Amino acid sequence: MEIICNQNELNNAIQLVSKAVASRPTHPILANILLTADQGTNKISLTGFDLNLGIQTSFDGTVKNSGAITIPAKLLSEIVNKLPNETPVSLEVDENLDNILIKSDRGSFNLKGIPSDDYPNLPFVESGTSLNIDPSSFLKAVKSTIFATSNDDSKQLLTGVNFTFKQNYLESASTDGHRLAVALIGNDEEYTVNKDKPPINQDDFSVTIPTRSLREIEKLVSLKSSENSIKLFYDKGQVVFISSNQIITTRTLEGTYPNYSQLLPDTFSKIFNFKTKKLIEALERIAVLADQQSSVVKIKIDNTDLASISADAQDIGNANELIPVSYSGENFDIAFNVRYLLEGLKIIYSENVLLKCNLPTTPAVFVPEDNLNSFTYLVMPVQVRS
């Protein structure tokens with residue numbers, strides 16, 4: 001195999017697929033990147049695959065001889081990254097010795113590769129469900145919910161985002177057991193799902209994608225947000241996203257995702273209306289003290305048109321701030337983890353946000369005032385001793 005390509009294009013491709021290279025490989029070849037070159041199309045492809053997440057990208061170059069080899073990812077990344085920007089880079093492979101010669105105008109490197117024969121094939125879904133997804137809508141669904149996934153591997157199903165694709169909208173949801181984020185994205189004009197091969201006896205298609213994989217998919221979709229659609233395939237626990245020159249494949253989290261709609265209260269006895277920006281800014285200031293100890297912030301609302309936001313850090317100090325609120329009713333006190341509040345509120349882009357509650361010990365819900373159904377953020381309050 002012999003190729004010549006641009007340093008910047010090669011480096012970008014290596015950085016992209018390296019995200020899917022195993023950090024603790026069960027087999028030496030999984031620490032490598034698969035490089036393939038096709039003389040007929042002058043296409044150079046790189047692949048990283050840790051058996052759970054796979055990323056493949058391709059770009060144009062000069063292919064003098066076709067071939068394939070796997071190269072140690074870490075070494076290749078460090079070498080190419082340090083070569084002069086935008087300069088030509090050539091790779092020649094002696095397939096008898098599995099020796100890789102990398103040359104630039106500054107010098108050369110010799111690396112030992114592993115034959116590509118043993119490199120696992122990326123799973124390609126040939127049957128099952130096929131969807132066309134709108135990149136901007138999918139991106140919005142991811143950003144609205146990925147922050148609330150669990151980090152606890154013992155709750156494996158909660159370490160990802162659950163997506164339900166319907167005929168004209170997308171619903172995404174995530175929970176870590178302490179909070180729940182649900183987003184409804186799109187309408188007939190903005191988001192349409194086309195099912196080439198819909199599942200049998202199933203109106204809606206639902207899948208749970210691991211957070212780690214989703215962060216890489218999010219990057220791919222961000223780069224392709226100008227495209228009309230990205231293809232999604234799903235079958236037998238595997239999801240594949242395909243754009244013009246990139247493929248990401250990931251295992252799904254198997255099991256029935258919790259019926260989160262049952263967690264949302266039907267009615268609320270208390271509804272508070274805050275200016276979203278003012279509430280976020282006040283919480284960020286109070287968080288300076290709250291984060292010193294328990295991360296707990298208290299919200300106290302009485303008959304005035306002001307709410308008190310406060311935090312106490314024993315032996316360190318305390319903080320208190322008053323912000324406007326629209327509410328008519330009895331005095332009410334409630335406390336939350338300040339980080340949970342901030343992460344959810346920063347997803348809400350409406351001018352005003354509603355805080356809906358019943359009791360200081362039952363789930364509270366934040367929703368945007370101008371589009372109540374687009375995003376729902378449920379948070380369990382913290383019980384504070386008086």
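Visitor: Which residues of α2 are buried?

Guide: In this predicted model, the buried residues of helix α2 are Ala73, Leu76, Ser77, Ile79 and Val80. These residues pack against α1 (7–18), β2, β6, β8 (99–104) and β9 (107–112).

Visitor: How does α2 lie relative to β2 and β6?

Guide: Helix α2 (residues 73–82) lies across β2 and β6, and its direction makes about 90 degrees with β6.

Visitor: What makes β2 and β6 a pair of strands?

Guide: Pairing requires at least two bridges. Strand β2 (residues 32–38) and β6 are joined by 6 bridges, in the antiparallel sense, and therefore meet the criterion. Within this pairing, Ile33 stands opposite Ile71 in β6.

Visitor: In what order do the strands of the open sheet follow one another?

Guide: The 8 strands are arranged as β6-β2-β3-β4-β17-β16-β15-β10, with antiparallel pairing. The twist from one strand to the next averages 15 degrees.

Visitor: Why do β6 and β10 stand at the edges?

Guide: Each of the two, β6 (67–72) and β10, has a single partner strand, so one side of each is left without a neighbour in the sheet. For β10 the pairing is with strand β15 (residues 230–235), antiparallel and through 5 bridges. There, Leu131 has Leu232 of β15 as its bridge partner.

Visitor: Why is β10 described as largely enclosed by the rest of the structure?

Guide: Strand β10 (residues 129–133) has 5 of its 5 residues buried, so it is largely enclosed by the rest of the structure. In a regular strand the side chains alternate between the two faces of the sheet. Both faces of β10 are covered: on one side Thr129, Leu131 and Ile133 are buried, and on the other Ser130 and Asn132.

Visitor: Which strands does helix α4 touch?

Guide: Helix α4 (residues 211–223) packs on the sheet and touches β4 (53–60), β15, β16 (238–242) and β17 (246–251).

Visitor: Why are α5 and α6 called roughly antiparallel?

Guide: Helix α5 (residues 276–290) and helix α6 (residues 338–345) pack at an angle of about 150 degrees, with their axes 10 Å apart. The threshold is over 145 degrees, and the two helices are therefore roughly antiparallel to each other. Their crossing is left-handed. The residues in contact include Leu279, Ile280 and Leu283 of α5 and Leu341, Leu342 and Leu345 of α6.

Visitor: How many aromatic pairs are there?

Guide: With ring centres required to lie within 6.5 Å, the count comes to 11 aromatic pairs.

Visitor: Why is the pair of Phe163 and Phe165 called stacked?

Guide: The ring centres are 6.4 Å apart and the planes stand at 25 degrees, so the pair is stacked, given that stacking requires an angle under 30 degrees. Phe165 also forms a stacked pair with Phe205, at 5.3 Å centre to centre and 15 degrees between the planes. This second pair links distant parts of the chain, 40 residues apart: Phe165 is in strand β11 (residues 160–165) and Phe205 in strand β14 (residues 205–210). One aromatic cluster is formed by Phe138, Phe163, Phe165, Phe205, Tyr234 and Phe241.

Visitor: How do you know that Phe165 counts as buried?

Guide: Buried means under 20% relative accessible area; Phe165 has 1% relative accessibility and therefore counts as buried. At 1%, Phe205 also counts as buried.

Conventions: Residues numbered from 1 in each chain as written. Predicted model: local features only at pLDDT ≥ 70, side-chain atom pairs only at ≥ 80, totals over all residues. Heavy atoms only, no water. Phe/Tyr/Trp six-rings, centres within 6.5 Å; stacked < 30°, edge-to-face > 60°. Helix = DSSP H or I, 4+ residues; strand = E, 2+ residues; numbered from the N terminus. Buried < 20%, exposed > 50% of the residue type's maximum accessible area, 1.4 Å probe, protein only. Axes fitted to C-alpha atoms, helices over the stretch in contact; angles between N-to-C directions. Parallel < 35°, antiparallel > 145°, perpendicular 65-115°, else oblique. Left-handed = near helix turned anticlockwise from the far one by under 90°. Contact = heavy atoms within 4.5 Å.
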